[in-house]
Amino acid sequence: DKDEKLYGNNIRIKRGKEGDDYDDLILMFSGYIRDYTTTTAEFTIDVADKRERLQTNHPSQEIEVLDKYIEGEGWEKKSQLLADGYGQVVQVPAYPIATGGGKVTFRWGESVTSISQVYTEEDTVKKVAHADFSTDGTFTLTNAQAGKDSDPTKGILKVFVSGVMRNIANPADIIIDINSRLFEVDYNASNYDTTEVEVEKVLLADVGLYMDKARKVYEWIEELQNGTNIGFRYEDTEKRTIRLDLHTRPVVVDIEALDIRNADMPIQRNAELYASSCLVRYSENWRSDSYQSTENKDWEGEVINEHRVKKVQEYDSLLTSLNDAEDKALTVMADIHQVRPIVTLRVESSLYPTPRIFDMVTATVSLVQGVGPMADEWTFVVGDLDLLGDDLLVGEIHEFTLDEVATYNDSVREYLGAITGQVIGINWLIDTDEIELRVRVRNG
C-alpha cells in the first residue's frame, strides 16, 4: 500500500525446482524496474533489459566548421559530427573551425592525447608542423600551411592527423570507459565481475578505435569484440564482464552418452568454415582508406591437399601493430585449418546448471539404443543371457550401470564419438527442464 519508489532498482528472474535453496536457483534474466502499477489485488512490474541503453547512438556532438568564404560577408559554416576515439589512429581528418592572427584552427576529436604528425593534402600529401596543441582536439596551422596559395579565403586544404585519441587501447578498458562516460556505470565490484575482467583482458592486444559516425554503442562494442587479436564476448545480463574465445579453458562438464536426451544429435558439418590461409588487415589509414596487412600460410599445403581448393579468410581488424596482426592470423589458422563440426545436444539442466558461452566440455556423442530414461544403476537377477552375456551364473544378483548394460547388449552406435568441444550456443528448454547446447568440436 506504500509507494516505495522502486524505479531503476535491479530485478532478477530465477528458476528452480521446489525445495531448491536460493543459491541453487538459475538466473534467467537480469534487468531493472522501469515502471510499475498496482491495484488492490495485484502488483505489476514493467521490467526493462539493462542492455537497452546500448542502443544509444555515439558520438552525437556536432560542431560548426568553416565551409566557404564569401567576399564581403565572411565564412559560411556547416555542421560536422565531432569524432571520438581511442588509441592510435592514422591520418584521420581534422576540420577548420576558425581563422585569425595568421592561423587556421582545426579540430579532430572530442578528447585527444597527442599528435605524432599533421598532413596537408592538395595535389600531394605533405608533412607539416603544427602549433597550439590542446587535448580538446584543437591545433593550429599557419595560413601559408593551410590555405590555397597561402590564403585560406581562397580555400582551405584538407588536413589529416596521426596520433593518439583517448589514451586507452585495451578493448576491455575501452568498454569500461564508454560505460562510465555515457552511462555513469563505474568500474567496481558492484557493476562488474572485476576479477574475471582483469584476468581475461590481459590477453587482448591494443587497438585503435576511430568513431566518426553516429552508431549504436553495441555496434562499437561488436567492433571491439571482433577487431582485436582474440574474439571475446561482452556480457552484461548480471555483472558486466568479458569472456575470451579460448579453447584452452579447463573442461567444466563431461556429458556421457546416456546423458544426451535428443537421440538425433544433429551435426552441422560446418564445412565452409575452413581456410588455407588467413589475411589480417591492421593499422587503417583513414585518408587513403587502406590498411597494412599480413598473411599466415602455415597450413596452406595441408589444407589444399585435403580440400583441393585455395581459400583465404580475410579480417579487417582494429589492431595497430604487425606483431599483433601476425598473432591474430596464427590464432585463426590454428583453428580453421581443419573443419570443426557443430553438434546439438540436449541434457538435463541439473547436469550442467550454469552453462556459459565458450565453456569447454567433453561429450560422448554416441547413440545408446534400447535404453530409455531409467535409473543410473540397476539390480539384476542373472538369467537373461541375451542381455548380460553367458559368463555369469544364473540366479546370482549383480548391479550394473546403464553403460555396462549397453556394452553387454552391444547397443552403442559410435556416431561422432568422444569429443572435446566449445559451447557456442545455449537454449533453455523450460518445459522439459533441459538445456540445448551447440557444441563446436575442438579436438586436435
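Leu-345 stands opposite Leu-437 in strand β30. The model is predicted, and local features need pLDDT of at least 70, side-chain atom pairs count only at pLDDT 80 or more, while totals for chains, interfaces and linings use all residues. Residues are numbered from 1 along each chain as its sequence is written, and side-chain values use heavy atoms, with hydrogens and water left out.

Helices (H or I, at least four residues) and strands (E, at least two) are DSSP runs, numbered from the N terminus, and two strands pair if DSSP finds at least two bridges between them. Strand β30 (residues 434-441) is mostly covered, with six of its eight residues buried, that is, under 20% relative accessible area with a 1.4 Å probe and protein chains only.

A nonpolar core is a set of buried Ala, Val, Leu, Ile, Met, Phe, Trp, Tyr and Cys residues joined through side-chain atoms within 4.5 Å. The largest such core has 40 residues, of which Ile-174, Leu-204, Leu-209, Leu-224, Phe-232, Ile-242 and Leu-244 touch the most other members. Elements giving two or more residues to this core include α2 (171-183), β19 (241-244) and α6, and the largest share, six residues, comes from α2. Apart from this core lies another, of 20 residues, with Leu-345 and Val-361 among them.

On a 1 Å grid over the protein atoms alone, a cavity is a set of points where a 1.4 Å probe fits but cannot get out, and a pocket is an open set with protein on both sides within 12 Å along at least five of seven lines; lining residues have an atom within 4 Å of a point. Grid points are joined across faces, edges and corners, and a volume is the space filled by probe spheres set on the points.

The second largest pocket has a volume of about 750 Å³. Its lining comprises 26 residues, of which Gly-231, Asp-245, Val-332, Asp-335 and Arg-440 lie nearest its centre. Helix α6 gives the most to this lining, with six residues.

There are two cavities of 30 Å³ or more. The second largest cavity holds about 40 Å³ of space, and its lining includes Ala-172, Tyr-192, Arg-240 and Ile-242. Helix α2 supplies the largest share of that lining, three residues.

Terms used: Buried means under 20% relative accessible area, exposed over 50%, partly exposed in between (1.4 Å probe, protein chains only).
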